[in-house]
Amino acid sequence: MSATRYRAPPADALVIAPLDEIVAVFHRASGITHLVGPEIPDLLDVLAAQWLTADAIEAAFEQVEGDRSALIATLDELVAAGLVERG
Amino acid sequence: MTPARTLAAVLADPSAAEALTPGAWAAVLAVAQAEQLIGTLAVRLDGLPLPARVAALLHDAQATALEGRRQALWEAEMARRALAGIVEPLILLKGTAFVAAGLAAGQGRSIGDLDILVPRDRLDAAETALLAHGWMWVKPDPYDDAYYRRWMHELPPLIHPERDRMIDVHHTILPLTARLRPEAGKLVADAVPIGGGLAMLSPTDVVVHAAIHLFADGDLSGGLRNLWDIDRLLREYAEADGGYWPSLATRSADHGAVAVVARAMRLAHALFGTPVPQDSQRLRLSDRLFLRCLLARDGWARESRKLTRLGFYIRSHWMRMPPAMLARHLWIKWRKGASAG
Amino acid sequence: MRHVFGVRVGPVAFRIGSAWRAPVEQLRTLYRDYPAHDGVPDFTVRLEAARPWRRFVRPSVHIRGDFVIPDAAPLPLAQGLLAAEMGMNLQMALGQRRFLLLHAAAVERDGRAVIMTGESGAGKSTLAALLQARGWRLMADEFVLVEPATGLVHPFPRPVSLKNAAIDVARAALPDALWGPLMRDTPKGAIRHLVPGAAALAGAETPAEPVLLLFPRYGLPAEQRPVGAGEAFVRLTQASTNYVGLGERGFTALTRLVTDVTRAAIDYPDTDSAAELIEALW
């Protein structure tokens with residue numbers, strides 16, 4: 001079975017407003033406002049309109065190995081919120 | 001002319017709006033709001049010269065309808081993701097189907113719950129998947145639950161608490177207790193894809209469903225909006241397909257729904273001037289009762305002629321449930337009501 | 001309906017129909033200095049009897065209209081004015097789509113507005129009403145309207161609903177004010193409506209630029225702390241009944257508002273200390 005892949009909406013489908021301690025993300029397709037930590041917009045940017053595996057995401061961030069479970073947990077939360085699609 | 005009839009006239013022919021006085025506008029807008037037709041009215045009158053306050057109100061209504069549309073389509077997408085691998089494509093019903101397919105009936109339409117049609121043999125798997133993806137039962141009542149599962153045409157309603165949206169999972173389009181027995185297998189087999197992993201009922205089935213829904217489901221409240229759906233659907237399909245009317249007749253017969261479809265056509269023609277075939281235009285005496293009921297609101301949007309409505313409510317319940325079963329259902333409801341208070 | 005009253009409050013026009021004469025007469029008195037409205041209303045409110053004969057027998061007022069909640073309890077006829085006011089609030093809370101609606105109060109000076117929000121009981125209505133005695137124009141005591149396209153605050157100067165002890169405090173501070181009838185024994189205790197002053201009514205169509213966003217708390221020693229834009233955003237989404245309904249317009253208006261204004265939480269023991277805190281932050 002092939003590895004799980006993730007995809008976020010294209011960049012123009014999101015409106016991002018940094019508000020001091022958090023970032024507000026308006027998702028145009030759903031009309032839902034998401035409140036996220038400051039690192040999430042970068043993750044959404046990497047995944048914008050392209051399917052990537054967790055390996056590829058880590059490579060894009062030049063992340064050192066070992067913190068895979070935190071990344072997967074974050075992606076799972078974004079999937080449940082509808083901001084990221086799992087395929 | 002009652003305000004509801006004026007509303008129908010303006011919907012059918014937007015140029016009729018020019019003749020409205022401020023008093024007539026106040027009444028028409030209140031009735032449109034109450035009948036959930038204000039977004040539709042706004043789209044129909046878009047671009048016409050209107051009094052400033054009316055234009056501002058309709059502008060708001062159009063924005064509201066647009067947000068409703070966005071939410072409805074998103075809910076369909078979330079259901080599609082949850083049910084991927086179980087039902088593909090996902091068959092949408094009612095308003096969400098109209099907007100997803102870009103039909104005229106969806107323009108400005110207000111949309112409530114998400115209604116989907118799932119083949120009966122996939123029902124358990126669909127239920128499990130929805131529960132795993134965050135949907136929950138609205139009211140966990142064992143009697144209601146058993147009643148729904150045994151007799152109704154849908155699962156007990158589920159809600160997604162975070163998005164605050166309900167989903168109705170149908171496996172056919174009428175309760176199993178009803179005397180009308182639409183063929184669920186044919187509905188699924190003939191569904192047409194509309195892109196994005198979604199599908200809707202065929203052009204004839206969708207009208208049969210809308211007609212059944214109008215007369216057999218509930219008490220005709222909200223009926224004006226349902227009849228408007230039927231007008232738009234009939235116009236669009238008949239224009240695209242020269243053989244539409246005979247196909248519709250055949251299909252209505254397949255589902256045992258000839259009478260309700262014929263009545264819907266006569267009423268749509270009477271209220272909205274739907275171009276139905278000549279022999280489907282003449283109103284019967286009983287149609288006038290239905291019309292009165294559909295138009296039963298005054299200039300303050302109050303439902304007038306309550307007795308007519310009550311008559312229809314009982315009638316519609318009888319149509320869905322054999323009398324003994326109805327008695328049992330009401331009795332259990334009453335008893336529960338008594339013990340509760 | 002038998003008795004009809006139409007009025008404009010700021011940019012919003014209401015049509016109120018009543019089965020009884022008394023609530024409409026009370027409305028006419030309370031709103032005598034507001035512009036009448038007999039054209040197309042933004043919202044319709046109906047005060048109805050549950051059954052026709054209940055107009056006379058133990059009459060109770062059911063609140064209906066364009067937008068309703070199914071379990072709204074009826075009120076006795078003696079509180080018909082309150083029913084009308086609640087009906088108007090309900091229309092705004094459920095139906096307003098032209099402006100972002102914040103459950104907040106606002107006052108203005110020199111074209112610049114202070115928005116005060118907080119839970120019910122934080123004293124924002126009373127504070128906004130009392131600030132009138134210190135040269136502020138009352139813009140709103142219950143619903144602040146933010147125009148999405150411009151970010152401006154539009155006035156919605158309804159009569160201020162004051163409760164219990166606040167009634168006497170305001171009577172002492174604003175001796176010339178016009179008042180509605182005193183209604184005892186409402187679900188919230190004694191209620192009396194205070195008509196905003198002449199400046200508020202004369203400026204009912206004059207918007208202002210928001211510059212200060214406050215989260216006041218009454219009954220504590222004077223203190224203030226800054227509030228981050230993120231916290232302000234979250235608290236205001238919770239204080240808005242139509243944020244979701246407005247979609248992206250709401251998002252744009254609210255992120256812009258919390259970014260552009262000075263934000264602070266203030267505690268205050270009395271109006272004078274609150275006024276000093278506000279004038280210092282101003």
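How many residue pairs are in polar contact across the interface of chain C and chain B? Four, with both residues of each pair at pLDDT 80 or more. Keep in mind as you look around that this is a predicted model.

**Stop 1: chain C against chain B**

Stay at this interface and select the residues in contact: 27 from chain C and 19 from chain B. Together the two chains bury about 1,800 Å², and carbon and sulfur atoms account for 55% of that area. Now highlight C:Arg15, C:Val40 and C:Arg98, which supply 33% of the area that chain C buries against chain B, more than any other three residues.

Next, show the charged side chains. Two salt bridges cross between chain C and chain B. For one of them, pick B:Arg53 and C:Asp42, where N and O come to 2.7 Å. To see which parts of chain C are involved, color β1 (3–9), β2 (12–18), β3 (43–48), α7 (243–246) and α8 of chain C; these are the elements that give two or more residues to the side touching chain B. Colored by class, that side of chain C shows eleven nonpolar, six polar and ten charged residues.

**Stop 2: chain C against chain A**

Move over to chain A. Here, 14 residues of chain C meet twelve residues of chain A. The buried area is about 970 Å², with 69% from carbon and sulfur atoms. Two salt bridges turn up across this interface as well. Zoom in on A:Arg28 and C:Glu248, whose closest N and O atoms lie 2.6 Å apart in a salt bridge. There are also six residue pairs in polar contact between chain C and chain A, both residues at pLDDT 80 or more.

On the chain C side, select α6 (229–238) and α8 (248–260), the elements that give two or more residues to the side touching chain A. The residues on that side are six nonpolar, five polar and three charged.

**Stop 3: inside chain B**

Now show chain B by itself: 15 helices and seven strands. Of its 341 residues, 52% count as buried. Among contacts in chain B with a separation of 6 or more, 66% join residues 24 or more positions apart.

Finish on helix α6 of chain B, residues 123–132, and select its buried residues: B:Leu123, B:Ala126, B:Glu127, B:Ala129 and B:Leu130. Look down the axis of α6(B): these buried residues fall within an arc of 165°, so they line one face of the helix. Turn to the face away from the buried side and you will find the exposed residues B:Asp124, B:Thr128 and B:Ala132. Just after α6(B), click on B:Gly134, which has a positive phi of about 100°.

Methods. Residues are numbered from 1 along each chain as its sequence is written. Chains are lettered from A and ligands numbered from 1 in the order in which they are written. This is a predicted model: local features need pLDDT of at least 70, side-chain atom pairs count only at pLDDT 80 or more; totals for chains, interfaces and linings use all residues. Side-chain values use heavy atoms; hydrogens and water are left out. Contact means heavy atoms within 4.5 Å. Buried area is the accessible area (1.4 Å probe) that two parts lose on being put together, summed over both. A salt bridge is a side-chain nitrogen of Lys or Arg within 4 Å of a carboxyl oxygen of Asp or Glu. A polar contact is a pair of N or O atoms within 3.5 Å; within protein, one must be able to donate a hydrogen and the other to accept it, and residues adjacent in sequence count only if both atoms are side-chain atoms. Helices (H or I, at least four residues) and strands (E, at least two) are DSSP runs, numbered from the N terminus. Ala, Val, Leu, Ile, Met, Phe, Trp, Tyr, Cys and Pro count as nonpolar, Asp, Glu, Lys and Arg as charged, and the others, Gly among them, as polar. Buried means under 20% relative accessible area, exposed over 50%, partly exposed in between (1.4 Å probe, protein chains only). The arc is that of the directions from the helix axis to the C-beta atoms.
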